[in-house]
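Hi there,

Here is the structure I promised to pass on to you. My notes on it follow just below.

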Amino acid sequence: METTQKDSNNKRMFLSFFKIGAFTLGGGYAMLPIMEREVVDKYNWLSREEFMNIMVVAQSTPGLFAINMASHIGTKYNGVKGGIICTLGVALPSIICILLIAMFFQLFKENIYVQKIFLGIRPAVVALIAAPCFSMARSAHITLPTAWIPIVCCLLIVPFGFSPILVILIAAVGGFIYGKIKSHSKS
Amino acid sequence: MIFLKLFIVFSKIGIFNFGGGYAMISLIHNEVVVKNHWLSSSEFTDIIAISQSTPGPIGINCATYAGYTSVINDGYPQWAAVLGSILASVSVLWLPFLLMLAVSRVLLKYSKTTTLKTMFSVLRPAIVGLVAAAAILLMSAENFGNPQTETFKFITSILLFIFVFIGNRIYKIHPILLLVLSGIAGLIIY
C-alpha cells in the first residue's frame with residue numbers, strides 16, 4: 001500500500017527536481033535552499049532531520065553535491081527507483097540545455113564577432129576559477145600549520161605533472177592514516 | 001574507440017570528484033585537455049564560460065559539453081556527438097550513485113568519527129590546491145595571448161583578468177555579469 005502511494009509521487013518528484021535543475025544558476029550549493037523548501041516544507045517527502053543527515057553524507061561522498069543530494073533524497077523516499085528519478089530530474093535540464101548550446105555553438109565558432117567575444121571571456125573565466133580558491137581556503141579552515149597542503153598539491157600538479165586524481169588519492173589516504181593515528185592516540 | 005574512452009574517463013572523474021564543481025574542472029582539464037587532447041585549452045575555457053552561465057551543476061554541464069565537442073573533434077558526425085555527450089554525463093553520475101547506495105547508512109554513523117573528520121580536514125585543503133593548479137594551467141598562451149608575438153592581446157587579457165578577479169572577490173559581482181561584461185569588452189577592444 002505504502003509503495004503504491006510513494007510511486008504515485010514519482011512524477012511529481014521528477015518534475016520538482018527537474019524544476020530545481022532548470023532554474024538554479026551557479027551550481028550545487030545554490031540548489032540547497034530550494035531543495036529543502038520543496039522536499040521538506042512543501043511536499044513533506046522527508047523530515048528536516050533526514051534532510052540534514054543526507055547533506056552530511058552528500059558532502060563526504062564523491063560526485064557532484066547537487067546530484068548526490070538528489071540521489072540520496074530519492075533513494076531515502078522511494079528506494080533505487082526514487083533515486084534514479086530524482087537524479088535524472090536534476091541532471092536532465094543541464095544536459096539538454098548544454099547539448100543545444102553545443103550544437104548551436106559549433107555553427108558559430110568561426111564567426112568573427114563570436115571569436116572576439118570569447119577572446120574577452122577567456123581571461124575572465126580563469127579569474128573566476130582563481131577567485132573562489134580564496135573563499136574555498138577559508139571554508140576549508142586552512143591555517144598556517146595546514147597551508148602547506150594546498151601549496152604542495154598545487155606544485156605536484158603544475159610543475160611536476162601529477163594527475164589531480166593521484167593527488168586526491170594521496171591526500172585521502174594520508175588524511176585517513178593521520179586520522180587513524182589521531183583517534184588511536186585519543187583512545 | 002572514443003566512446004569506451006569517454007566512458008572510462010568520465011567514470012573516473014565522477015568517482016574521484018570530492019569538493020564540487022571547481023574541483024571537477026581540474027580533473028576534467030587533466031583528462032580531456034592534457035592527457036587525451038580531445039579539446040584545446042581555449043575550447044576548454046569556452047566550455048567553462050558556457051557552463052557557468054547556464055543552469056545546473058558546473059560539473060555536469062562541463063561533462064556534457066566536453067563529451068559532445070571531443071567526439072566532434074575526433075571526426076564523428078553530430079548524432080554520434082549527441083550520444084557522446086549523454087554518455088559522458090551518465091558516466092559521471094553512475095559510480096557515485098552506486099557508492100551512495102552502498103555506504104550511505106554506514107557513512108552517517110562514521111561521519112562524526114575522528115578518522116573521517118581528519119581525513120576531510122586534509123582533503124579539503126588539498127582540493128583548494130587542485131583548483132589553484134587548474135587556474136594556473138589555464139593561464140596559457142592560448143587563453144591570454146603570447147607575450148612576445150601578441151603583446152596587445154596579452155596585456156588586454158591580463159587587465160581583464162585583474163578586473164574580473166577584483167570584481168568577483170572584492171565587489172562580489174555576479175560571475176555571469178562579469179562574463180557578459182568581458183565578452184562586450186572583447187567585442188569592443190579586438
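In chain B, α2(B) and α3(B) make a right-handed crossing (the near helix is turned clockwise from the far one by less than a right angle; left-handed would be anticlockwise). Helices here are DSSP runs of H or I with at least four residues, numbered from the N terminus. This is a predicted model, where local features need pLDDT of at least 70 and side-chain atom pairs count only at 80 or more, while totals for chains, interfaces and linings use all residues. Residues are numbered from 1 along each chain as its sequence is written, and chains are lettered from A in the order in which they are written, with ligands numbered from 1 likewise.

Back to that pair: Ile25(B), His29(B), Val32(B) and Val33(B) of α2(B) meet Ser41(B), Phe44(B) and Ile48(B) of α3(B) (contact means C-beta atoms, placed from the backbone, within 7 Å). By class, that gives 5 nonpolar, 2 polar and no charged residues (nonpolar: Ala, Val, Leu, Ile, Met, Phe, Trp, Tyr, Cys and Pro; charged: Asp, Glu, Lys and Arg; polar: the others, Gly among them).

Chain A has a crossing to look at too: α8(A) and α9(A) also cross in a right-handed way. Cys153(A), Leu156(A) and Ile157(A) of α8(A) touch Pro164(A), Val167(A) and Ala171(A) of α9(A), with 6 nonpolar, no polar and no charged residues.

Finally, the two chains meet through 84 residues from chain A and 96 residues from chain B. On the chain A side, α5(A) gives the most, with 21 residues. That side has 56 nonpolar, 23 polar and 5 charged residues.

Enjoy exploring!

Technical notes
Helix = DSSP H or I, 4+ residues; strand = E, 2+ residues; numbered from the N terminus.
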